[in-house]
Amino acid sequence: MIVAEGLSKSFGPVHAVKGVSFTVARGELVGFLGPNGAGKSTTMKMLTGSLLPDGGRASIAGVPLDGRALGARAAVGYLPEHTPLYREMRVRPYLEFVGEVHGMGGRARRDALERVIASCDLEGYVGRRIHTLSKGYRQRVGLAQALCTDPDVLVLDEPTSGLDPAEIVRIRDLVVDLARSKTILLSTHVLPEVEEVCRRVLIIAGGELVADGPLHELAEDSADAIVVVVGSAETPAERIAGSLAACDGASAARGTFDGIRTRVHVTLERGADRHALAEALARAVHDAGWSLQELRHEVPTLERVFLERTRQLAATGGGSAK
Amino acid sequence: MSSRPRALAGVLPFARRELRSAFESPVAYVAIGLFVLVLPALFFFLGYPVGRTPLPGLWEGGQASLIVLFYWLPLLLALVVPALSMGAWAEERRAGTEELLLTYPVRTGAVVLGKFLATWTLTMLMVTLAVLSAALTVGFLGDLDWNTVVAGLVGAAWLCAGYASVALFLSAVSSEQLVAFLLGALALGLLWALPLLVRVLPGGAAGALEAASPTTHFLGSAARGVLDLSDLIYFVLLTALGLVANTLAVERRRWR
């Protein structure tokens with residue numbers, strides 16, 4: 001279990017993380033999202049003990065993390081951003097070193113090594129120097145070192161960054177497999193990846209947590225939209241969009257003409273009834289004499305939720321997690 | 001877990017890793033090879049032309065003694081030890097491995113001690129090979145007092161420990177290996193040169209400076225075959241100071 005309570009960190013005049021609080025329950029796989037410089041990596045460093053917070057507290061598996069908390073550090077496996085490794089070392093000696101550092105001796109270390117080498121598909125590579133491996137295999141070595149002690153908690157900072165699609169799928173499958181028995185906080189910029197593997201997401205922007213909840217709830221809370229497709233080649237798309245934006249309950253509309261049809265994306269006003277707006281839009285299309293070809297409610301994607309939440313913070317200059 | 005005390009178990013993996021890394025690149029072999037060639041060459045052919053009373057080389061002086069060789073050690077090691085230790089922390093930071101290292105369940109002091117042990121071992125291997133190769137040659141040519149050789153090596157071990165701890169601390173506060181080397185060589189070079197300033201300073205200050213220099217504590221006794229407790233205390237304090245400063249410098253990074 002990971003607990004962050006009011007974590008704060010400043011670097012000189014820059015407030016990188018401002019009072020971030022959340023809990024990741026045992027056995028949960030949580031996506032940790034945010035734009036570059038939002039405070040993700042700083043938060044993860046504070047959760048793994050490589051950085052101490054200026055304010056607030058963190059604990060791993062019930063053990064508080066401070067400068068002397070060796071127990072908490074032993075309970076977490078960490079894959080930092082960019083996968084820092086001793087590149088001149090060979091894979092097996094490197095993993096042996098990690099095991100030794102964690103106090104694993106003799107048979108326990110050998111068994112652990114065999115387990116992680118098998119689970120990370122490194123069998124054919126244990127004698128290779130790390131700098132000769134592809135980025136994907138280096139990433140696997142990074143994961144293997146994080147898994148060496150079979151920790152209860154994993155903190156993975158962009159584990160698929162810079163990998164080719166096949167490697168992304170392999171690493172993602174491995175993370176999903178690990179999630180069956182471990183608590184995982186997964187930071188990534190690949191939003192479809194989060195949609196696929198995480199039920200819950202945390203979104204951080206400007207050092208503040210701006211969203212925390214199950215994906216479907218965040219999507220429902222997000223601004224709704226209705227897509228209207230109109231079969232009218234004579235009327236300019238801007239005019240159609242303008243007419244639909246004037247309907248009760250619509251806050252904005254954006255139209256694009258593809259040569260045959262005009263597709264209008266209508267955003268709902270906060271609190272507006274989407275069914276009433278759909279009826280109003282259908283009526284407006286009919287009254288204008290256009291042909292209504294399609295009218296559907298657009299389900300917000302994680303990408304839209306992410307952009308909306310991070311933009312909201314930029315617009316208001318502050319934020320609060322749901 | 002083994003019966004080995006946990007604190008030591010935390011130190012040894014880091015020492016082994018550093019040594020393994022050193023010997024997996026050509027750097028350690030080249031450094032050892034050069035040192036083993038250059039130090040005896042200076043001893044045999046050049047002598048020690050530094051200070052008030054220059055010493056002749058072995059061929060010129062004709063004495064079966066390694067004192068000239070030991071006189072070169074403080075100066076040569078002021079360049080070699082920073083070269084061997086410059087990457088110990090600076091490279092960890094550059095490669096990002098320091099971040100991972102700070103998350104391991106070991107005390108920072110254990111990591112510092114492990115890196116110190118590796119640098120000390122490597123330096124002593126180099127010094128021992130150079131001293132033994134010269135000692136065997138001199139012993140073949142004349143009547144060498146082996147007790148002075150052993151005392152000189154013990155003193156060299158103290159000197160190397162002090163130098164290694166200072167150079168490692170300077171690597172811990174440097175962002176790049178080159179900066180670490182330059183800082184280390186400058187600091188150890190200044191410590192070496194302190195006795196040379198004695199001539200231009202008034203009595204009290206000169207005495208204090210001379211007492212602060214590792215050169216004085218090595219050349220005044222161990223290099224001449226005498227092991228002095230006060231010198232041991234000096235080198236223990238210098239080494240401890242370097243190690244504590246190193247630990248604090250690394251620990252401070254958690255607050256950066």
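Predicted model: local features only at pLDDT ≥ 70, side-chain atom pairs only at ≥ 80, totals over all residues.

Chain B, then. Chain B has 12 helices and zero strands. Along the sequence the pattern is α-α-α-α-α-α-α-α-α-α-α-α. The C-alpha atoms of chain B fill a box of roughly 60 × 45 × 35 Å along the principal axes. Residues 24 or more positions apart account for 74% of them.

Let's zoom in on one helix. Helix α12 of chain B covers residues 229-251, which is 23 residues. From first C-alpha to last, α12 of chain B reaches 32 Å, close to the 33 Å expected at 1.5 Å a residue. Which residues of α12(B) are buried? They are B:Asp231, B:Tyr234, B:Phe235, B:Leu238, B:Thr239, B:Gly242, B:Leu243, B:Asn246 and B:Val250. As background, an α-helix has 3.6 residues a turn, so residues three or four places apart point the same way. The cover over the buried residues of α12(B) includes α7 (108-141), α8 (146-172) and α11 (214-219) of chain B.

Next, the interface. 23 residues of chain B are in contact with 25 residues of chain A. On the chain B side, α1 (6-24) and α6 (97-101) each supply at least two residues. α1(B) gives the most, with seven residues. By class, that side of chain B has 10 nonpolar, six polar and seven charged residues.

Over to chain A. The domain assignment gives domain 1 (2-220) and domain 2 (223-298). Their centres, taken over C-alpha atoms, are 44 Å apart.

Last item: backbone angles. Most residues other than glycine have a negative phi. Here are two with a positive one. A:Ala61 has phi near 50 degrees. A:Ala61 sits in the loop between β4 (55-60) and β5 (63-64) of chain A. A:Ala61 counts as partly exposed because it has 17 C-beta neighbours inside 10 Å. A:Asp150 also has a positive phi, about 50 degrees. Its place is the loop between α5 (135-147) and β7 (153-157) of chain A. Is A:Asp150 buried or exposed? Exposed, with 12 other C-beta atoms within 10 Å.

That's my tour. Over to you.

Note on methods. Residues numbered from 1 in each chain as written. Chains lettered and ligands numbered in written order. Domains from an automatic or database assignment. Contact = placed C-beta atoms within 7 Å. Helix = DSSP H or I, 4+ residues; strand = E, 2+ residues; numbered from the N terminus. Nonpolar A, V, L, I, M, F, W, Y, C, P; charged D, E, K, R; others polar. Expected span 1.5 Å × (residues − 1). Buried ≥ 20, exposed ≤ 12 C-beta atoms within 10 Å, placed from the backbone.
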